[in-house]
Amino acid sequence: MLIDDFLHKTQALLTAAVFLLAVVFSLNYAPKAQPRPPKIVLQSHQLAIDTTNYYDYLRAFSIPLLAPEQGEWRYYHHETEQSYAHYLLEEPITITAQRNKIYVLPLGDFSVDEKKLLTTTVDYLKAYFSVPIVLQTALPLAVLPATASRQRSTWTQYLTTYILNEVLVKNLPTDAATYICLTNADLYPEASWNFVFGQAYLHKRVGVWSLFRLKEYDEKQELVWQKSLKRVIDVAAHELGHSFSMRHCVQYECVMNGSNSLEEGDRQPCLPCVECIAKLDHATKITNLQRLEALRHFFEKEKLVKEAELCATLITQVRKYEWLKTYYTYKALRM
Ligand SMILES: [Zn+2]
Ligand SMILES: [Zn+2]
C-alpha cells in the first residue's frame with residue numbers, strides 16, 4: 001500500500017511538473033498574437049449612393065472649374081451652361097440608323113508626319129464614337145477661293161466659315177452623322193480673330209480643325225509625337241462634340257472646355273465630364289464604359305501613359321458602381 005501511495009504521489013507530482021513546464025514553455029515560446037486588422041465599417045454616406053442614377057454617381061468624379069484667370073477662354077467668353085436637360089431640349093444631332101458614320105475630309109498637302117497624325121486620329125475617333133469613320137481622299141487647298149483666305153507674314157490663313165458652309169454642308173453624305181475636315185493650314189473664323197484651332201456648327205453636322213498650331217517639334221526639327229498627337233485628338237474630340245450639338249462646358253474640367261491658347265488646351269483633360277458623358281452616351285448610343293475601354297486600348301497602343309491610367313481609374317469607378325447596383329438589387333429582392 002505504501003508503495004502504491006508513493007507511486008500515486010510521484011505520478012501526481014510528475015503530471016503537475018509537466019503541466020507547469022508546458023505553461024512556462026507556452027508563455028515563453030508561443031508566438032505573440034498578431035494585432036487584428038481594423039474592421040472596415042462603411043459609413044452610411046458611403047453606402048447610400050443613388051444606384052438609380054448613374055450620372056449622379058459619376059458627378060462625384062468630375063472636377064468643378066475654378067474662376068478663370070486672365071488669358072483663359074472663359075475670362076473673355078461668358079458662356080451659359082448647357083446642362084444635359086438643356087442639351088436634350090435643343091434636339092441634338094445623334095447617330096441614327098440612317099446617319100451612322102463620321103466622314104473625315106483631309107484638306108491640304110500632308111507631310112509624312114501629318115498623314116500619320118491623320119490616320120492615328122481616325123483610330124482615335126473610332127474608339128471615342130464607336131462608329132465607322134470614312135476617311136476621304138484629300139482635297140488641295142487650291143479648291144478654296146482667294147476671298148476665303150488672307151495673308152499673314154509668311155503663311156496663308158483660310159476662312160473656316162467657307163470650309164464649313166461651301167465645302168462640307170453642300171457635300172454632306174446622306175449617311176453621315178457628322179462630316180468634319182482636318183487641314184494642315186492655319187484657320188480664322190472672321191476678320192477680327194487672329195486664328196482658331198477649329199470650329200464646328202452645333203446643328204449642321206459639320207466641323208473643321210487644323211494641325212497648323214498643334215504640332216510640336218524638338219531642336220532637331222523632329223515631331224514630338226505624343227504631345228502633338230494628344231493635341232490633335234483633343235481638338236478632334238472637342239470639335240466633333242460641337243458637331244453633335246454639345247456646347248462649351250463651363251461647369252467641370254472637360255474636353256469640351258473652350259481654349260484660348262496651346263497652354264490652356266494642354267492643361268485640359270482628354271475626357272468628358274459627367275454632363276458631357278451623358279450627352280455623348282445619348283448621341284452615340286454606346287455606354288461610357290464601352291468608350292473608356294476602347295480609349296484605354298488606344299492610349300496604351302500610342303503610349304499615352306497618363307491618359308491610359310486615367311481611363312483605367314474611371315473604368316474601376318464605373319465597375320464599382322455596377323457592382324454596388326447589383327448588390328442593392330439583390331438585397332432589395334431578398335427583403
Ligand atoms: Zn469649342
Ligand atoms: Zn463637360
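Modeller: In the largest nonpolar core, which has 63 residues, Ile180, Cys181, Val232, Ala236 and Cys276 touch the most other members. Such a core is a set of buried Ala, Val, Leu, Ile, Met, Phe, Trp, Tyr and Cys residues joined through C-beta atoms within 7 Å; buried means that 20 or more other C-beta atoms lie within 10 Å of a residue's own, with 12 or fewer counting as exposed and anything in between as partly exposed, and with C-beta atoms placed from the backbone. The largest share of this core, 7 residues, comes from α8. Helices are DSSP runs of H or I of at least four residues, strands are runs of E of at least two, and both are numbered from the N terminus.

Two notes on reading this. The model is predicted: local features need pLDDT of at least 70 and side-chain atom pairs count only at pLDDT 80 or more, while totals for chains, interfaces and linings use all residues. Residues are numbered from 1 along each chain as its sequence is written, and chains are lettered from A and ligands numbered from 1 in the order in which they are written.

Now look at what α8 (residues 225-243) packs against. Its axis lies 10 Å from that of α6 (residues 112-129), at an angle of about 50 degrees; axes are lines fitted to C-alpha atoms, for helices over the stretch in contact, and angles run from 0 to 180 degrees between N-to-C directions. That angle makes α6 oblique to α8, since under 35 degrees is roughly parallel, over 145 roughly antiparallel, 65 to 115 roughly perpendicular and the rest oblique. The residues that meet are Leu117, Thr120, Thr121, Tyr124, Leu125 and Tyr128 from α6, and Ser228, Leu229, Val232, Ile233, Ala236, Ala237 and Leu240 from α8; contact means C-beta atoms, placed from the backbone, within 7 Å. This contact has 10 nonpolar, 3 polar and no charged residues, where Ala, Val, Leu, Ile, Met, Phe, Trp, Tyr, Cys and Pro are nonpolar, Asp, Glu, Lys and Arg charged, and the others, Gly among them, polar.

Zoom in on Ala236: leaving out residues up to four places away in sequence, Ala236 touches Thr121, Tyr124, Leu125 and Trp209.

Finally, find Cys276 in α10 (residues 274-284), where 8 of 11 residues are buried, Cys276 among them. The buried residues of α10 pack against α3, α5, α8 and α11, which brings us back to α8.

Technical notes. Two residues are in contact if their C-beta atoms, placed from the backbone, lie within 7 Å.
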